[in-house]
Amino acid sequence: MHIAIINGPNLNLLGKREPSVYGSKTFESYFEGLKEKFPAITFSYFQSNIEGELISEVQKMGAESDGIILNAAAYTHTSVGLGDAISAITAPVVEVHISNIYAREEYRHHSYLTGKCAGVISGLGLKGYELAVSYLSSAKNT
Ligand code: DQA
């Protein structure tokens with residue numbers, strides 16, 4: 001099974017960026033632990049600060065993976081294009097947010113993605129990614 005993790009803008013700064021909101025771990029170090037926790041799963045990881053690159057990766061992984069975990073970061077709240085990309089593929093997509101977007105500014109309460117996704121996990125920190133992996137791996141087997 002292949003799961004693709006796609007992270008959007010500013011998530012390359014995890015560990016340094018607003019640690020009180022996003023924690024102090026880099027995604028790279030979290031990702032190493034995640035791969036160890038799920039040795040039977042093949043993971044790919046892509047991060048970009050550019051909307052079009054994220055759309056291209058969703059299209060590509062929609063064809064090449066069994067499921068996508070997408071934290072589109074700020075583009076969650078702005079990108080019709082990313083929402084359309086999710087609609088265009090058949091692989092299930094789980095939307096993940098490290099912080100609880102519903103407990104933050106109002107402009108973060110709306111997502112152009114959630115309605116197109118299998119589900120959304122928000123506010124459970126980096127643990128949200130492994131919960132999404134558990135869901136996608138069990139969804140594949142049921
Ligand atoms: C985020 C929440 C977004 O509102 C924000 O723009 C981010 C990160 C999260 O993981 O909590 O950059 O997606």
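Color by secondary structure and follow the chain from the N terminus: the elements run β-α-α-β-α-β-α-β-β-α. That gives 5 helices and 5 strands, where helices (H or I, at least four residues) and strands (E, at least two) are DSSP runs numbered from the N terminus.

Before you click further: this is a predicted model, where local features need pLDDT of at least 70 and side-chain atom pairs count only at pLDDT 80 or more, while totals for chains, interfaces and linings use all residues. Residues are numbered from 1 along each chain as its sequence is written, and side-chain values use heavy atoms, with hydrogens and water left out.

Now zoom out. The C-alpha atoms fill a box of roughly 35 × 30 × 25 Å along the principal axes.

- Select His97: an N or O atom in its side chain is 2.8 Å from a ligand oxygen.
- Select Arg108: a polar side-chain atom lies 2.9 Å from an oxygen of the ligand.
- Select Ala74: here a backbone N or O atom is 3.2 Å from a ligand oxygen.

On its own the ligand has 320 Å² of accessible area, and the protein covers 99% of that (Shrake-Rupley method, 1.4 Å probe).

Note on methods:
Polar contact = N/O pair within 3.5 Å; in protein donor to acceptor, adjacent residues only side chain to side chain.
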